[in-house]
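Keep the structure open while reading.

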Amino acid sequence: MSVKQISVFLENKKGRLAEVAKTLSHEKINIRALSLADTADFGVLRIIVDNPDRSLTVLKTHGFVAQVTEVIAVEVEDRPGGLSRILEVLDQDNVNVEYMYAYVEKSRENAIVICRIDDRERALQILEKNGIATLSAEALKAL
Amino acid sequence: MYWDRDIETMERSALQRLQCERLAATLERAARAPYYRRLLEKTGVADVREPGDISRLPFTTKAELRNEFPYGFLAVPLTDVVRLHSSSGTTGNPTVIYHTKADIIAWQDLVARCMYMAGMRSSDVFQNIMGYGLFTGGLGFHYGAEKLGAMTIPVGPGNSKRQIWFMREFKTTAMHILPSYAMRLATHVKEMGLDPRTDLSVRMAFVGAEPHTEETRRRIEETWNIRAFNSYGLSEMCGPGVAFECPEQSGMHIWEDSFLAEIVEPDTGAPVPDGECGELVLTTLTRTGTPLLRYRTRDLTRIIPGPCPCGRTHRRIDRIRGRSDDMMIINGVNIFPLQVEQTLMRIPGIGSNYLIEIHEENFMDRLHVSVEMAADSFQGTLSQLEGLQSRVLAALRDETGVTPVVKLLEAGSLPAAEGKAVRVVDRRAQSGKGC
């Protein structure tokens with residue numbers, strides 16, 4: 001199961017990130033997880049929101065360069081070695097993780113990481129085969 | 001004191017007679033070039049009795065040179081041509097000038113005349129810090145210096161360490177350099193723990209290829225403890241050697257035995273009186289390979305009225321104050337905004353809004369190009385953006401010969417183009433501001 005991530009192109013310009021947050025907040029859209037990758041000149045903001053389709057429309061109408069990327073939300077045991085095991089499993093089958101970041105969650109036994117993987121279908125099969133749970137968009141939203 | 005006393009101090013009336021003879025011969029030669037043959041058949045060969053009669057002929061512009069690529073302006077059989085010089089870039093046709101052996105000899109004599117006038121002698125060691133190749137600045141001075149008899153170091157531009165090494169090892173006394181690079185090279189000399197005023201033997205510099213102010217010249221002279229002489233030329237004429245400063249350093253003598261100079265109002269083409277600023281229009285008087293009639297240089301200047309104390313009778317033009325078109329000069333390299341635009345528009349993923357800014361950083365010009373990315377081409381990865389940025393940079397570098405600073409912008413960040421959008425902003429303190 002994959003979930004939708006919103007990627008936003010940001011110039012390295014003062015206040016640009018704040019504007020994204022403000023735009024979404026006006027629409028009562030909640031940011032559940034976020035990561036920012038940047039170079040000296042620009043950055044890419046990646047967010048998981050409770051309503052990705054509406055977020056995309058809202059951001060685009062406000063002039064942001066944004067698009068949807070399919071990612072996987074993986075459950076990780078919240079103990080030493082939890083993340084390591086997942087990466088090992090993927091690595092064994094030569095599945096490359098492009099990037100990943102942690103999903104903010106309170107009071108749950110397991111942690112969640114968001115993974116961007118090129119060969120998503122194969123990654124999902126491998127994870128399933130190894131008994132590692134992934135979350136659907138609905139499950140994520142319900143948390 | 002004079003390289004060619006007879007020519008340089010010729011009475012004005014005799015000089016004008018010489019111009020008339022040479023103009024008539026030029027018209028005859030020009031009529032052998034396909035473009036001028038067609039033109040003169042239409043307009044009829046003007047009856048030239050005095051230089052002023054030339055105003056009956058139409059102007060020649062860069063556009064015609066481009067449209068007639070490759071041989072429309074060639075007035076001799078190709079077998080008589082020994083060299084060509086051409087503008088760079090691949091946007092539109094380049095402008096190509098063909099030189100016969102006689103043209104090359106005349107050119108090197110003109111440059112030697114310029115250098116000798118400024119005070120260079122055969123005992124000098126001349127370091128040529130200008131680009132060789134299609135650019136006329138390097139080869140023009142190289143041949144001129146050899147003709148004059150000075151030992152010439154054809155080092156070319158860049159690599160400051162090597163420049164300074166040559167200056168120290170061979171006791172360079174004269175150099176040909178971009179004004180901006182002269183200032184930057186001085187800082188490198190200082191970084192090496194040397195004083196450019198006392199630890200080197202350089203005593204004079206020829207500076208040109210980019211417009212600069214009197215203040216910049218004084219700064220170069222002060223920093224190096226040398227005398228700096230302003231050089232004017234353009235590849236459509238021959239390159240350097242068109243006009244040059246004498247020891248008076250008060251305007252550049254335009255060699256009227258070789259060029260017929262007019263100053264015109266850029267919009268109407270009407271002549272303006274001496275002393276008033278306008279666009280310099282030049283006619284070649286001796287060239288055989290590619291004679292040009294009334295060529296619009298797009299350079300803005302004025303004729304300085306009155307005789308020069310140096311005794312030369314050839315009139316002087318003031319330093320170039322700007323351009324009557326949108327050409328940019330970045331560290332001596334000529335670039336048109338259209339070249340940038342066409343290059344950008346060929347790159348997928350790039351939007352149609354862009355902004356060109358020219359900054360001055362550490363005495364060097366820097367071309368900044370900001371361009372919006374097309375909103376629908378974003379794929380969400382940093383590597384895509386980085387790839388796009390470096391593709392834009394490489395394409396602009398290939399087209400212009402200048403390495404720009406490229407900035408990718410979000411779609412819609414630049415003011416939308418309504419009517420004529422401002423796409424070029426010159427932020428240099430000393431940029432030519434026009435008349």
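This is a predicted model: local features need pLDDT of at least 70, side-chain atom pairs count only at pLDDT 80 or more; totals for chains, interfaces and linings use all residues.

## Helix 1 against helix 2 in chain A

Helix 1 of chain A supplies Val20(A), Thr23(A) and Leu24(A). Helix 2 of chain A answers with Ser55(A), Val58(A) and Leu59(A). By class, this contact has four nonpolar, two polar and no charged residues.

Helix 1 of chain A covers residues 16-26, and helix 2 of chain A covers residues 52-61. Their axes come within 10 Å and cross at roughly 120°. That angle makes helix 1 of chain A oblique to helix 2 of chain A. The crossing of the two is right-handed.

## Chain A overall

Chain A has five helices and seven strands. From the N terminus, its elements follow the order β-α-β-β-α-β-α-β-β-α-β-α. The radius of gyration of chain A is 16 Å, close to the 15 Å that the globule rule gives for 143 residues, so chain A is as compact as a globular protein of that length. The C-alpha trace of chain A spans about 45 × 35 × 25 Å along its principal axes.

## The nine-stranded sheet of chain B

Chain B holds an open sheet of nine strands, ordered 4-3-5-6-7-8-9-14-13, with mixed pairing. Strand 4 (151-153) and strand 13 (303-304) of chain B have a single partner strand each, so one side of each is left without a neighbour in the sheet.

Within this sheet, strand 6 (residues 204-208) and strand 7 (residues 227-234) of chain B run parallel and are joined by five bridges. Which residue of strand 7 of chain B is the bridge partner of Met204(B)? It is Arg227(B).

Helix 5 (residues 101-118) of chain B packs on this sheet. It touches strand 3 (125-128), strand 6, strand 7, strand 8 (239-245) and strand 9 (252-254) of chain B. The direction of helix 5 of chain B makes about 30° with that of strand 8 of chain B. Helix 8 (residues 179-191) of chain B lies across strand 5 (174-177) and strand 6 of chain B. Helix 8 of chain B runs at about 120° to strand 5 of chain B.

## The four-stranded sheet of chain B

Four strands of chain B form an open sheet in the order 10-11-12-15, with antiparallel pairing. Strand 10 (259-264) and strand 15 (322-323) of chain B are the edge strands, each pairing on one side only.

Strand 15 of chain B pairs with strand 12 (residues 295-301) of chain B over two bridges, in the antiparallel sense. Asp299(B) has Arg323(B) as its bridge partner in strand 15 of chain B.

## Helix pairs in chain B

Helix 5 of chain B also packs against helix 6 (residues 136-148) of chain B. The angle is about 75°, and the axes are 7 Å apart. Helix 5 of chain B and helix 6 of chain B are therefore roughly perpendicular to each other. On the helix 5 side, the contact residues include Trp107(B), Val111(B), Met115(B) and Tyr116(B). On the helix 6 side, they include Phe141(B), Tyr143(B), Lys147(B) and Leu148(B). The residues of this contact divide into nine nonpolar, four polar and two charged.

Helix 10 (residues 337-345) and helix 11 (residues 382-400) of chain B form another packed pair. Here the angle is about 140°, with the axes 10 Å apart. Helix 10 of chain B and helix 11 of chain B are therefore oblique to each other. Their crossing is right-handed. Gln339(B), Val340(B), Thr343(B) and Leu344(B) of helix 10 make the contact with Val392(B), Ala395(B), Leu396(B) and Glu399(B) of helix 11 of chain B. The classes are five nonpolar, two polar and one charged.

## Backbone details in chain B

A cis peptide bond joins Phe69(B) and Pro70(B), with omega about 0°. Pro70(B) is placed in the loop between helix 4 (62-67) and strand 1 (81-86) of chain B.

Gln249(B) is not a glycine, yet it has a positive phi of about 50°. Where does Gln249(B) sit? Gln249(B) is found in the loop between strand 8 and strand 9 of chain B.

Terms used
Residues are numbered from 1 along each chain as its sequence is written. Chains are lettered from A and ligands numbered from 1 in the order in which they are written. Side-chain values use heavy atoms; hydrogens and water are left out. Two strands pair if DSSP finds at least two bridges between them. Contact means heavy atoms within 4.5 Å. Axes are lines fitted to C-alpha atoms, for helices over the stretch in contact, and angles run from 0 to 180 degrees between N-to-C directions. Angles under 35 degrees count as roughly parallel, over 145 as roughly antiparallel, 65 to 115 as roughly perpendicular and the rest as oblique. A crossing is left-handed if the near helix is turned anticlockwise from the far one by less than a right angle, and right-handed if clockwise. Ala, Val, Leu, Ile, Met, Phe, Trp, Tyr, Cys and Pro count as nonpolar, Asp, Glu, Lys and Arg as charged, and the others, Gly among them, as polar. The radius of gyration is taken over C-alpha atoms; the globule rule is 2.2 Å times the number of residues to the power 0.38.
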